[in-house]
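Subject: Structure handover

Hi,

Here is the structure I promised to pass on. Have a look at it first, then read my notes below.

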Amino acid sequence: MSKEYETVIGLEVHVELATKTKIFCGCSTAFGGAPNTHTCPVCTGMPGSLPVLNKQVVEYAMAVGLATNCSITRYGKFDRKNYFYPDNPQNYQISQLYLPICRDGGVEIETSAGKKTIGIHEIHMEEDAGKLVHDEWEDCSLVDYNRSGVPLIEIVSEPDMRSAQEVIDYLEKLRMMIQYLGASDCKLNEGSMRADVNLSVREMGTEQLGTRTEMKNLNSFKAIARAIENEKNRQIDLLEEGKKVIQETRRWDDAKEYSYTMRSKEDAQDYRYFPEPDLVPLVISDAWISEIKERQPEFATEKMARYKQEYGLPDYDAEIITESKFLADFFEAAAKLCQKPKKVSNWLMGETMRLLKEREMEPEEIRFSPANLAKLIALTEEGSVNSTVAKEVFEKIFDEDIDPESYVKEQGLKTVNDEGELRGVVKQVIQDNPKSVEDYRNGKEKAIGFLVGQTMKAMKGKADPGMVNQLLKELL
Amino acid sequence: MSMKEIRRFTAVQLAERIKQREISVKEAVQAALEQINEVETAIHSYVTIEEEGAMRQAEEVQKKIDSGELSGPLAGVPAAIKDNMCTEGLLTTCSSRILGNFVPTYTAEAVLNLQKAGAVILGKTNMDEFAMGSTTETSAFGITRNPWNLSHVPGGSSGGSCAAVAAQECFYALGSDTGGSIRQPSAFCGVTGLKPTYGTVSRYGLIAYGSSLDQIGPVAKDVTDCAAVLEAAASYDKKDSTSLKRQDTDFTSALGKDVKGMKIGIPRDYLGEGLEEDVRSAVLLAAKTLEGQGAMVEEFDLSLVEYAIPAYYVIACAEASSNLARFDGVKYGYRSKEYEGLHHMYKKSRSEGFGPEVKRRIMLGSFVLSSGYYDAYYLKALRTKALIKQAFDQAFAEYDVILGPAAPSTAPEIGKSLSDPLKMYLGDIYTVSVNLAGLPGITVPCGLDKKGLPIGLQLIGDCFQEKKIIQAAYAFEQARKMEVSPIAEDGASVIAGWEKSQTAEGGKEQEERA
């Protein structure tokens, strides 16, 4: 490659909002359900039915807009996007083209070269479509309108990203923010967050943007990274061969790690957008904006600072814990119960993370209660269980959310603090291991570790290692 | 009391007789059904007649009246509903082949409101396909004839509703008005029709033509009935975002007030070229009558009138092109029998399901919304709409009511209009601006032309001023002779006479009834 190229990336991110009901009718948004059971005349496009805007959708969109430093459109409108497809019962989608609810925002990400702001062009609200199911057996297609009318926001970034890493960082930042707002669970694999990547390349140093392509069907961060790498190389190869990049929409096949043309610009439909006459203009007052602002939660950055200051957590712990709203909430609940924030943090950063990784789980999938972790911490603090036993009990808590107090009692795992009993066992160990005793006496400090281990083994782990150590030293 | 005598009652008079136990609901229904049996083959007001259902409803309503649960001014009165309003379990076609088999799963809010007021639904009335037309000739299920002269159209698009009232096949009806579709056929059929302020009657369940212009309104024998029906039909409906919360829907309270001191303006633009002489003199005579009752009448320049029709057709067709997209053969309605693949199915179902006028308007609407044309047509039309509203605002700063004709002519002969759609569109000149500005308008009969066809007087009010136009229309009504269509009084012999004259002419219209 003779020339140096720069990759320019902009994202269109669709986020399914976590409202109870659909954007324009009172039907449930719950996932699953027998086909066409969460439907009514409105979301199945029955003649004569009319849309009514769900206030919660507006509030979530505003909250996301405020969190991403957008300006909120005080006088907004909905528009109809006209196209024929059976998953779209009216054959138009109610969306926002001319006056979207949020504009001109940005999200800050950390890059190797320092902080960088990814601009947000706009955020608009729209409705999701139904689902087509092809019945191979009967050779016909069926439509399920349960998803039809589920609220979405589309977050359109500026073409400010330059690498796959920046894209991932931007997406993770967005996802974290939206999860903190409770506006969506943002699961890429389940489709509640979907990202389309607009990518072009240009020679380093040139001002003008190259011809871009739009990449669809990206279901994980890994797929996004792979698709970006692949598309970047494809475009550079074309340019190097003296060919042109064609403006088109491409579909990524992650299994085969390649993309193919879905439709070219020539096939682009004319959506004949026009203002939706069935909805009145959306007027947003200053008071309403302030209300949403007041309700904004503490975001990760603020939380991180507070954890460091209030609980004295190290940077690393604070960062990891605040990355997930769920984990942060869990941490605070447990810390409040046991008043030992650092201990809670240790359990989360250590054993919890280890088990999550081992079980291939996300923090959001944690099933045990903060109360049981708090109890375990109390047990260790009062010396009722030693650290080895505690780890064993924790795994039980992690998997089954058992009550550690009763579990320790039932299983007889309480540490033996009876010095007389312990002294007897230690004496026995000294007697049985003359070699180690001799080593220790000859200055091999490490030999005591072996003797401690032997004692613990004899005690079936129920002794306090510190006490054992002390007794050994005394008796030797 | 004879069936004929029952039929002569207005809706409010009938309800009073029913309340007094002089007439049963069943008898009222039978009176209407008898007339339907006698004249419907000639008039064809209805697409669907709900004979058994009406008798069943009559029993239920009678029980509620007897128990005192229902006592309003319309309790027990048989009515007809334009076939573009959804009625649960009852065929709703919009007079289109594409909805030829469509049975809704819910009832339109306006119809529910009437049912709560004790209406008995007799059936669904014929109309121009999807309300697109001015003659009811674009119906896929045959034309409707004018009860005053069977060789003439009843007007449109609510031609079936207006003809049914004029022929006494029902006591009142609901129509819908997007560009004059209640007021013009009411004028042509010699009945009273009112288009309310946009947002007064819920559009939920009204199959949309031009969403920003559509309004449901009453078609009735007189102003009193009109006011009573509107009062019952109007409601704030959360299911319709464009529905208005009004505290002043006691429209009947405006009845009986005189017009002393009321300021009435006649736009000179409404009396100019293209207006038939008989219509002009009848309208001016009506103005004189109101003046005689103490109103102050003067002519003024409304301006922008010539822009109303292009603006209207651009906006209405643009919205229609999108509103009618849902009729695609996928979910309900007509699907072509043979096709290869999805797009072919769409194309064939829509090509076979829609009539020529609907296709014309879908194409026109798709064109004006296309990229590159949107600004030049659609946006410009929206700006024109805003200017027209301003012109009316200025006029209403001066006048309480604007008076003019409802249409430039009386009802044209059958078969004369569709060949020149542009000329047909120009016939909407006096009605479309009212929809563009969202205003209320009422048509009351004001005499007959030389051919014996009814002429309609249109009174237009400012937004929310239905009461003023009802007041003026009522006052005018007191001074005129109530005229009834010949077929209402003497159906059988009128039809026989007309058929004879048709045979003499060689039955040239036979194919239209096929």
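Is the crossing of α12(A) and α15(A) left-handed or right-handed? The crossing of α12(A) and α15(A) is right-handed; handedness is left if the near helix is turned anticlockwise from the far one by less than a right angle, and right if clockwise.

Before the rest, some housekeeping. This is a predicted model, where local features need pLDDT of at least 70 and side-chain atom pairs count only at pLDDT 80 or more, while totals for chains, interfaces and linings use all residues. Residues are numbered from 1 along each chain as its sequence is written, chains are lettered from A and ligands numbered from 1 in the order in which they are written, and side-chain values use heavy atoms, with hydrogens and water left out.

Two helix pairs in chain A

Helix α12 (residues 419-432) and helix α15 (residues 465-475) of chain A pack at about 60°, with axes 10 Å apart. (Helices are DSSP runs of H or I with at least four residues, strands are E runs of at least two, and both are numbered from the N terminus. Axes are lines fitted to C-alpha atoms, for helices over the stretch in contact, and angles run from 0 to 180 degrees between N-to-C directions.) That angle makes α12(A) oblique to α15(A); under 35 degrees counts as roughly parallel, over 145 as roughly antiparallel, 65 to 115 as roughly perpendicular and the rest as oblique. On the α12(A) side, the residues that meet α15(A) include A:Leu422, A:Val426 and A:Ile430, and among their partners in α15(A) are A:Val468 and A:Leu471. Contact means heavy atoms within 4.5 Å. By class, this contact of α12(A) with α15(A) has 8 nonpolar, no polar and 4 charged residues (Ala, Val, Leu, Ile, Met, Phe, Trp, Tyr, Cys and Pro are nonpolar, Asp, Glu, Lys and Arg charged, and the others, Gly among them, polar).

The other pair is helix α6 (residues 315-323) and helix α8 (residues 341-359) of chain A, packed at about 70° with axes 11 Å apart. That makes α6(A) roughly perpendicular to α8(A). The crossing of α6(A) and α8(A) is left-handed. Its residues divide into 6 nonpolar, 2 polar and 2 charged.

An enclosed helix in chain B

Take helix α16 (residues 466-479) of chain B next: its 14 residues reach 20 Å from first C-alpha to last, close to the 20 Å expected at 1.5 Å a residue (the expected span is 1.5 Å times one less than the number of residues). In α16(B), 10 of the 14 residues are buried, so the helix is largely enclosed by the rest of the structure. Buried means under 20% relative accessible area, exposed over 50%, and partly exposed in between (1.4 Å probe, protein chains only). Among the buried residues are B:Tyr474 and B:Phe476.

Most residues other than glycine have a negative phi, and most peptide bonds are trans. A:Arg272 isn't a glycine, yet its phi is positive, about 45°. A:Arg272 counts as buried, at 16% relative accessibility. B:Phe464 also has a positive phi, near 70°, and B:Phe464 is partly exposed, with a relative accessible area of 39%. Finally, the peptide bond from B:Gly156 to B:Ser157 is cis, with omega near 10°.

Cheers
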